[in-house]
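Biologist: I would like to learn how to read a model of this kind, beginning with the overall fold and then turning to single residues. Could we take it one feature at a time?

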Amino acid sequence: MKTKFVTAFLILAALSAFANNIVEEVAWVVGDEPIYKSEIEEQYNQMQYERTPIKGDPYCVIPERMAVEKLFLHQAKVDTVEVQDAMVIREAESRINYFITNLGSKEKVEEYFRKSIPEMREMLIEMIRNQYAIQEVQRSLTKDIKATPADVRRFYAGIAQDSLPFIPKQVEVQIITLNPIIPQQEIDEVKSRLRDFANKVNNGESEFSTLAILYSEDGSSMYGGELGFKGKGELVPEFASVAFNLNDTKKVSKIVETEFGFHIIQLIEKRGDRVNCRHIVLRPKVSDKDLTEAIHRLDSLATDIRAGKFTFEDAAQYVSQDKDSRNNRGIMVNTRSEGSTKFEMADLPQEVSKVVDTLAVGQISEPFIMMNPKTNREVVAIVKLTNRIDGHRANMADDYQVLKSMYERSRQQEIIAEWIKKKQRETFIRIEEGWRNCDFEYDGWLNH
């Protein structure tokens, strides 16, 4: 996320030069597109402020990067690449919300960039549309790459052993979770509090945002419960169904139950297929008694599995309440690693990692309490360590997917580099005096 934040800051800074009509000298010309000294200086200053590393002379690296982008954008025009407006607007709103989150308020964002939110939105939309267009051209160039096992083997054979990536210790884990039973009285109390909040807002006694700041039990509370513009696919179905059917910005929705808790929602604005709303979420509290009962249930289940009455896989399918693994024989999947079943210890939930580190392969843990990382609610779990792979240099037997990804990235870089060299030969390029003495990444800029 930090990378996206820094990149957006950098490009906003560059676009600011145009928005402020700074008259500056031209450093490069690519086709009929100038690259101004002011753009380069703005990006360099911002990269220094953000402490972004630059490999090489910034007055060489930055304009070359901008020149490459211009080659891709010209190709996007030739190919009539179309970028969906809705997708661009969603991303722009997401980044503005991210800036607000990091800087603390809309006013601080406007002060930092010296631009109003609408001006920033307009510049971000242009920036993001260009990014998507460049990505589409690159995807089109590399879409036919198909790595066969023979390709990966040849690639692996050509890498010096000390150049292979070191793969830290990895584990494969199965999990069964139970949600503690919550007494109806606790649920009724939560609903009663939400109904009271809704009545106060509907009657004009309180502002929804104030109540959200005071009482809502998720991270959006610090922003008055505001979630930013979201599409239906970005919200859980139960929440989306209600949010997208709201029409009155002064009224509050009925109570909505999701896996995250119980919510009330207030519409802020609809914009096409996106909606911005506030919400207050409350979670029924789990008592020690409820947790203890869930622990006893899982303890009995683990005992039966160890006794061979049924398998861990069967228990996961019919008993587990972990939505992501119960239909996958309880196997945890690492969403950070292209859906791999292998986890580095740091990628596991903290409580799971601590328990797994004490297990032998094939052993089932005692029940333990953990926070569901998705819903931030307490659950009880048991895990089984199915495999442990010690830290090692990548090899074909254990790390085929890692090596396959490395090969594909290498081929993509080769194809794109060849394309850039070809476009250099075909495109009018002029680099002014004072900007030529560089060790460029791509040869050919000065051959004109």
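This is a predicted model: local features need pLDDT of at least 70, side-chain atom pairs count only at pLDDT 80 or more; totals for chains, interfaces and linings use all residues.

Biologist: How many helices and strands does the protein chain have?

Modeller: There are 14 helices and 12 strands in the protein chain, and its C-alpha atoms fill a box of roughly 75 × 65 × 35 Å along the principal axes.

Biologist: What share of the contacts between residues at least 6 apart in sequence joins residues at least 24 apart?

Modeller: The share is 66% in this protein chain.

Biologist: How many positive and negative side chains are there, and how far apart do the centres of the two sets lie?

Modeller: The chain carries 61 positive and 71 negative side chains, and the centres of these two sets are 3 Å apart.

Biologist: How many disulfides does a search of the whole structure find?

Modeller: The search finds 1 disulfide, formed by Cys60 and Cys438, whose sulfur atoms are 1.9 Å apart. The pair links distant parts of the chain, since Cys60 sits in helix H3 (residues 58-78) and Cys438 in the segment after strand E12 (429-431), 378 residues away.

Biologist: Why is this disulfide called left-handed?

Modeller: The handedness is read from the torsion about the S-S bond, which for Cys60 and Cys438 is about -80°, so the disulfide is left-handed. As for burial, the cut-off is under 20% relative accessible area; Cys60 counts as buried because its relative accessibility is 7%. Another cysteine, Cys277, is buried as well, because its relative accessible area is 2%.

Biologist: How should I think about a nonpolar core, and which residues have the most contacts inside the largest one?

Modeller: In soluble globular proteins, nonpolar side chains tend to be buried together. Here the largest nonpolar core has 42 residues, and those with the most contacts inside it are Trp28, Phe72, Ile420 and Trp445. Several elements each supply at least two residues of this core, among them strand E1 (26-30), helix H3, helix H6 (117-142) and helix H14 (400-426). The largest share, 9 residues, comes from H6.

Biologist: Which residues is Ile420 in contact with, leaving aside its neighbours within four places in sequence?

Modeller: With those neighbours left aside, Ile420 is in contact with Val68, Leu71, Phe72 and Tyr442. There is also a second, separate core of 17 residues, which includes Ile175, Met370, Ala381 and Val383.

Biologist: Where is Ile167 found, and is it buried or exposed?

Modeller: Ile167 is found in strand E3 (residues 166-167), and it counts as buried because its relative accessibility is 7%. Ile167 and Asp398 are 231 residues apart in sequence, yet their C-alpha atoms are 9.8 Å apart in space.

Methods
Residues are numbered from 1 along each chain as its sequence is written. Side-chain values use heavy atoms; hydrogens and water are left out. Helices (H or I, at least four residues) and strands (E, at least two) are DSSP runs, numbered from the N terminus. Contact means heavy atoms within 4.5 Å. Lys and Arg count as positive and Asp and Glu as negative; His and the chain ends are not counted. The place of a charge is taken as NZ of Lys, CZ of Arg, CG of Asp or CD of Glu. A disulfide is a pair of cysteine sulfur atoms within 2.5 Å. Buried means under 20% relative accessible area, exposed over 50%, partly exposed in between (1.4 Å probe, protein chains only). A nonpolar core is a set of buried Ala, Val, Leu, Ile, Met, Phe, Trp, Tyr and Cys residues joined through side-chain atoms within 4.5 Å.
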